[in-house]
Amino acid sequence: MKTAKTVVTGTVRAMAIATMLLGGAAGLGVFTPTAAMAQVKSVADVKTLLKPDLPANALEITAAMKSAKVGETITVRGNVAMSKDAFVENRSMFTLVDESTRKGCCPPSDTLPDTACDIPAEGRATVQIVDAVGRPLRAGLNGQHGLKQGAEVFVTGKVETANGNDALVLTAVSMHVPKAPLPSGFFVEKLPETAKDVSGARMAGTLKVGDEVVLRGRVGGSKEPFVAGRAVFTLMGRGLKACNENPDDQCSKPWDYCCETKEDILANSVTVQVVDAKGQILRTDMKGRRGMKELSEIVVVGTVVSAGGGGVVVNATTAYTAQ
Amino acid sequence: MIAPKFVPVVVKQLWRHRVRSVLTLSGVAIAMFLFIAVQTLQEGVRRSTQTAAGDTRLVVYRENRFCPAASRLPQFYVDRIEKIPGVVSAVPVKIVVNNCRASLDVVTFRGVPREELVGPRGWATKWQLIAGSVAEWEKRSDSALVGETLAARRGFQVGQSFDASGITVTVAGIIRSPEAQDQNVAYVHLDFLQQAAGKGGGLGSVTQFTVRVDDPAKMEQVAEAIDAEFRTEADPTMTSPEKAFVAQAGADIVEIVKFTQWLGWGCLAAVLALVANAIVLSVQDRIKEHAVLQTLGFRSGLIARLIVSEGMLIGALGGAIGTGIALSVVHFGNFSLSQEGLSIGVSASWSVLVWGLIISAGVGIVAGLVPGWRAGRREIASCFRAV
Amino acid sequence: MVVLLILVAGGFVNGMSRALRTTGGEHNVILMGAGSEESVERSEIEAGVPGVLAASVAGVRTRAGVAYVSPEVHVMLPVRVGAAASTTTQSSGVQAAAAQGSSTSSMPRPKGRQVMMRGVTTAAALVHESVSLTEGRWPESGAEEVMVGRMAATVLGVAEIDLQVGKAVMIDGRPWEVVGRFSAPGTVVEAEVWLPLADLMTATKRETISCVVLTLDPYNEETGEGAEFGDIAAFAKTRPDLELVPMTEREYYGKLADFFGPIKIVAWVTAGLIAVGGLFGGLNTMYAAFASRIRELGTLQSIGYRRLAIVWSMIQESTLATAAGGLIACAVGVFMLDGLAVRFSMGAFGLMIDETVIGLGLLTGLALGVVGALPPAIRCLRPTIPVALKAV
């Protein structure tokens, strides 16, 4: 009996220890920094890096160039360089550029220069996808997963090289490639002049189709003022108070202006969209770009395309975000 | 049944086979838990759907409609209803519910005119304010007085905002009401709800009228008079006593609860089987012992009663545990079944507790009868020969 | 018994979940009024919205020039089935129901059961691909005709024969003739009554519709044709005056499934409690059964059998019994309960005892066998061999 008891006890102990070890390993896996989890083993794993959602608060390349420190994880936005050497042959590496630093106009895609020399060094970053030992994967990325010259890419990665001036190399942890990029230069650095508040413009009642407008407002007007995967959002004027401007308010979503009537919300709002050459709304998120979120103050420049039925829709050509 | 001096003997028998007793008690407790849960449901349905002699409330609804979204009556009907003989008061009520189907977590808004709630004979006079105040409710147009059950279920506190059915309100107070329907709703201002509900009729349209009559005996008569008044209108009415209306609108719930009666009987059968099983096993183990007792002078009748007492004790103890847990769960769980904006509260009462104990003890007695009778009838010699 | 209860609970939860989650076309989008996302019956949108949608949104599926856009009214109404069962002519059933249905103040108030009525146009047949007409024809507008789903009889609590083509039902105090029957296997649509949109709007005095259901052509990245849900959401955002909320049809019914979550939990908890109760009873029996064999077990040990082997054989013994019971329960479940129509909250669905539920039932039986045998077996093997051999 003692032998049997010993055997049973020993077995149970061994199983318990094994369970604890496995659990610990799993637990460690959970708490391991994201960077380690993102290392891919092969080319087939590259797609696991691609995320459907646009990461918020992405830095432009030039801003990241100045602030990035080696070892930290940052998110940058840029476009794949419009040059023949944008992608390294047979390696998972490409050049990401800040188009706003381009000297001169962008080239048509069938006459690409050999190098992206019209983008200064402080507007260029290198992105690589590495394997478990830190070497770039041995496969090209051109044409893969939506990556091509000119494509807009959001990269979250670990800074491998950064000199604070003109060198930035990132090892990608995750990437987001919008299905349609925003036009280059959509976001401007300088506040447009003569911006009118949305409420004022609506109250005047003079907005009509074809009018060029410069409107200032805050993102809001419903529980979800952005549309996932589409470049469209609602802008509210200052004529109405957001819920959190009321004393003692405890709304969890103050941007829905639930304290106001639906008619008032409609009369103090415009819908802003960014369209392509065919007039179709671009298939990309707006939330997260340049820190845009609910109740963000935005100034848009564009054209009124619809002013019937109580609602106004503006095709935006540029926008300024008050950060 | 047995003299008090034999009670320790019975207890010792249970204590001797602790594992068996615990298992039996646990099984009985679980079965009684389910049985009592079913009973509280039945009780809730009875209280919500059976018209009592003193009831004086009628509900005037749109004919052939039960879902609040589908019932739209012009608010001006109230003046004509109040002129009908026998009617003491008629209150227009707008109801918005997030879903008409039956479930456990439904939010119902009831919009009533301010003066009907806070007036000297207003509804609020019958309520107990657990938190907040009616004065706070009066200050804001989007404020709500939330029933205790709903507030507990959703964790609402005074000052908190919540939204349901596309309507956002702020909790001004939490109420406790003797009426089952009030416990699970949020009372808001009528005009606020009419506007907030948007296209659902808007201002001037309500879901129902709650009518109070002067004489309970004349309820049917007044109901018919009201329906006759609007029979030829574009929106004819259907008037019935409030509880009868709940029974009809909540027919699905009533049917489900009726079906659970079978579950309740099944649980009692399970208690019987468990206790009988335990007693039989116990008796089998003690055949020789019973023979010894008989040799010492214990009458067969006493032995039989000792065994029956064992059954009663197991039943009663298990029943007490199961009933206690069931009533606690019901009390703290704040459950209620809702349908069509009406709710049937599941609540505990002392009578259910007492009945539960009596029934479980009774079943225990019944379970012990046959083994006890058989044990008492055995011959001493044959018992000694048994292995 | 315990396994059968587990099968019933599992079949109930499975059937309800599946019916709700599979209702809804893969590429269908439903647009309803803001604030009504939990329940389309509360929704109201302008009757002109379908036309605006068809004109404004590219990528809506079309066939022979007909857009897959279905304007609908969803409302729950009490329906009574006429007592006149036989119909020699088309009108006689209607007349009999009319005669029965006409009420005077002295007659007892009719009650009826609530059933989901859906006012539709012929576009619904395109949009709701799971629906197929099995008997009769599509109801005509203005003729007070309806068509009923295969499970409508279950919801109404009547025999199938009472809803045959030619029979009459009372809706809103008027008789309506059943001219067609449809099926939509595995969905909650089968429990509905469909009638022409205009007729239902007239009967309920509505000028608005409940929703629009449309089918999108899958988006083709290369050609740019087709549309995605985001395109409909963007359209709704550009027309805030219409106060529309878009949702995929599957998402809508999925939310409805979540609404019934507490009911499902109650079903599982009840079955679980009964299983535990049964386990306690079984443990008691096993304790007694094994206790009477302590001497036998002691003998086995003395001739060389290891305790582990004895425990294993006892578990096998117990498991054999419970497995046999479990198999019988599974047979009863599969042959007698699977597909059994259950009426619940203005809808109906069939119990779905599929491989998952059967597996769960069998596992429960096996687990009961193991758990029911282990403690008594261990207890009986605790005494030393000499003590066991001396046991009575």
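A residue is called buried if 20 or more other C-beta atoms lie within 10 Å of its own, exposed if 12 or fewer, and partly exposed in between, with C-beta atoms placed from the backbone. By that rule, buried residues make up 37% of the 323 residues in chain A.

Some housekeeping. This is a predicted model: local features need pLDDT of at least 70, side-chain atom pairs count only at pLDDT 80 or more, and totals for chains, interfaces and linings use all residues. Residues are numbered from 1 along each chain as its sequence is written, and chains are lettered from A and ligands numbered from 1 in the order in which they are written.

Confidence next. The model has an ipTM of 0.75 and a pTM of 0.79. pLDDT is the predictor's confidence in each residue, from 0 to 100. Chain B averages 84, and 97% of its residues score at least 70. Among the elements of chain B, helix α3 (residues 77-82) has the highest mean pLDDT, 93. Helix α14 (residues 380-385) of chain B has the lowest, 73. Helices here are DSSP runs of H or I, at least four residues; strands are runs of E, at least two; both are numbered from the N terminus.

Chain C averages a pLDDT of 83, with 91% of the residues at 70 or above. Which stretch of chain C has a pLDDT below 50? Residues 84-110. Beyond near neighbours in sequence, that stretch has 34 contacts in the model. A contact means two C-beta atoms, placed from the backbone, within 7 Å.

Back to chain A. It has five helices and 13 strands. Take its contacts between residues at least 6 apart in sequence: 67% join residues at least 24 apart.

Now the interfaces. Between chains C and B, 38 residues of chain C meet 41 residues of chain B. On the chain C side, β5 (69-81) and α9 (261-291) are the elements giving two or more residues. α9(C) gives the most, with 13 residues. That side has 16 nonpolar, 15 polar and seven charged residues. For the classes, Ala, Val, Leu, Ile, Met, Phe, Trp, Tyr, Cys and Pro count as nonpolar, Asp, Glu, Lys and Arg as charged, and the others, Gly among them, as polar.

The contact between chains A and C takes 20 residues from chain A and 13 from chain C. On the chain A side, β10 (230-236), α5 (262-267) and β11 (269-273) each give two or more. By class, that side has eight nonpolar, nine polar and three charged residues.

On to the cores. A nonpolar core is a set of buried Ala, Val, Leu, Ile, Met, Phe, Trp, Tyr and Cys residues joined through C-beta atoms within 7 Å. The largest has 267 residues. Those touching the most other members include Leu235(A), Ala31(B) and Leu31(C). Helix α2 (residues 18-49) of chain B gives the most to this core, 15 residues. Apart from it lies another core, of 36 residues, Val127(A) and Leu141(A) among them.

Last, two elements of chain B. Why is helix α9 (residues 242-249) of chain B largely enclosed by the rest of the structure? Because seven of its eight residues are buried. What covers them includes α2, α10 (251-285) and β1 (57-62) of chain B.

Strand β3 (residues 87-97) of chain B has nine of 11 residues buried, so it too is largely enclosed. Six bridges join β3(B) to β11 (residues 208-213) of chain B, antiparallel. There, Val91(B) has Thr210(B) as bridge partner. Strands pair if DSSP finds at least two bridges between them. β3(B) also pairs with β4 (residues 108-112) of chain B, antiparallel, over four bridges.
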